[in-house]
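Hi,

Here is the structure I promised to send over. Have a look at it first, and my notes on the pockets and salt bridges follow below.

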Amino acid sequence: MVLAAGFGKRLRPITETVPKPLVRVGGRPLIDYVLDRLAAAGVRHAVVNTHWLGELIEEHLKDRRQPKIEFSRETEILETGGGILKALPLLGDGPFYVANGKIIWLNGKVDALVRLAEAWDDASMDALLLLQPTVTAVGYDGPGDFFLDQTGRIRRRREWEVAPFLYSGVQILHPRLFAGAPEGAFSLNLLYDRAIDAGRLYGLRHDGEWYHVSTPQHLAEVEARIAQGGDRLYGL
């Protein structure tokens with residue numbers, strides 16, 4: 001699933017007329033990078049949720065075949081958790097990838113999505129998050145999100161701490177994570193906290209590069225870094 005329904009308020013005025021997943025970086029819409037990564041990892045079917053300027057996203061993706069796109073249209077913003085919960089009937093009974101439509105990542109020696117799939121343990125995990133080292137994140141200036149222990153379990157940053165990892169916007173989730181979830185709009189953080197308490201939220205360190213576009217300043221920073229990298233961005 002690709003999360004593409006948000007307003008992109010922090011990226012205004014750009015997103016007043018262009019939905020955030022269609023904002024161009026390096027000459028291409030952000031969502032194309034995400035879908036290309038999924039296709040390269042063997043994903044054949046992707047669900048894209050839409051709301052703000054969703055008709056523009058649907059028009060852009062109407063001819064896409066790799067992966068085949070199905071839309072989950074939201075009449076009101078359901079946030080990350082509510083959006084995925086609404087789309088669950090389209091996603092099947094097993095674990096599935098979820099990626100934010102506002103990021104770009106470069107793989108290390110092994111495709112990050114393949115690494116996530118290989119690390120997935122259905123018996124012990126309800127969620128497996130790809131974690132980006134905070135100090136090397138491009139387009140991010142926060143204090144991080146998580147600490148990662150030697151077993152792969154993660155805990156949240158306490159208010160006074162600076163965390164070594166942030167959530168990259170890429171993960172594997174199992175539908176059972178949503179058992180008993182509330183109706184309507186809610187954040188995935190609600191379910192993450194429940195999974196942390198149960199010892200079933202895990203993380204995997206990303207060993208490639210990661211770019212985040214949240215504000216016009218971040219967009220300029222990411223564009224500058226990508227311009228330095230040349231063709232590396234397009235290598236799948």
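The largest pocket has a volume of about 1,000 Å³. Bear in mind that this is a predicted model, so everything here is computed from predicted coordinates. A lining of 40 residues surrounds that pocket, and Lys20, Thr80, Asn100, Lys102 and His212 are the ones nearest its centre. S11 makes the largest contribution, with five residues.

What lines it? Met1, Leu38, Val43, His45, Ala46, Val47, Leu90, Leu91, Gly92, Phe96 and Tyr97 do. Strand S4 (45-50), H3 and strand S6 (96-100) each put at least two residues into this lining, and S4 has the largest share with three. By class, nine of the lining residues here are nonpolar and two are polar, with no charged ones.

Now for the charged pairs. Side chains of opposite charge can pair when their charged atoms come close. The structure has 11 salt bridges, and a few deserve a look on your screen.

Start at aspartate 36, whose side chain meets that of arginine 28 in a salt bridge, at 2.6 Å from N to O. Which of these two is buried? Aspartate 36 is, because its relative accessible area of 17% is under the 20% cut-off. Arginine 28 has 22%, so it counts as partly exposed.

Aspartate 36 also forms a salt bridge with arginine 64, where the closest N and O atoms are 2.6 Å apart. This pair links distant parts of the chain: aspartate 36 sits in helix H1 (residues 30-40), while arginine 64 is 28 residues away in the loop between helix H2 (54-61) and strand S5 (68-73). Arginine 64 and aspartate 36 are both buried.

Elsewhere, glutamate 161 and arginine 155 form a salt bridge, with 3.1 Å between the closest N and O atoms. Glutamate 161 counts as buried because its relative accessibility is 15%, whereas arginine 155, at 29%, is partly exposed. Then there is a network: Asp122, Asp126, Arg176 and Arg200 are joined by salt bridges that share partners.

Cheers

Methods: Residues are numbered from 1 along each chain as its sequence is written. This is a predicted model: local features need pLDDT of at least 70, side-chain atom pairs count only at pLDDT 80 or more; totals for chains, interfaces and linings use all residues. Side-chain values use heavy atoms; hydrogens and water are left out. On a 1 Å grid over the protein atoms alone, a cavity is a set of points where a 1.4 Å probe fits but cannot get out, and a pocket is an open set with protein on both sides within 12 Å along at least five of seven lines; lining residues have an atom within 4 Å of a point. Grid points are joined across faces, edges and corners, and a volume is the space filled by probe spheres set on the points. Helices (H or I, at least four residues) and strands (E, at least two) are DSSP runs, numbered from the N terminus. Ala, Val, Leu, Ile, Met, Phe, Trp, Tyr, Cys and Pro count as nonpolar, Asp, Glu, Lys and Arg as charged, and the others, Gly among them, as polar. A salt bridge is a side-chain nitrogen of Lys or Arg within 4 Å of a carboxyl oxygen of Asp or Glu. Buried means under 20% relative accessible area, exposed over 50%, partly exposed in between (1.4 Å probe, protein chains only).
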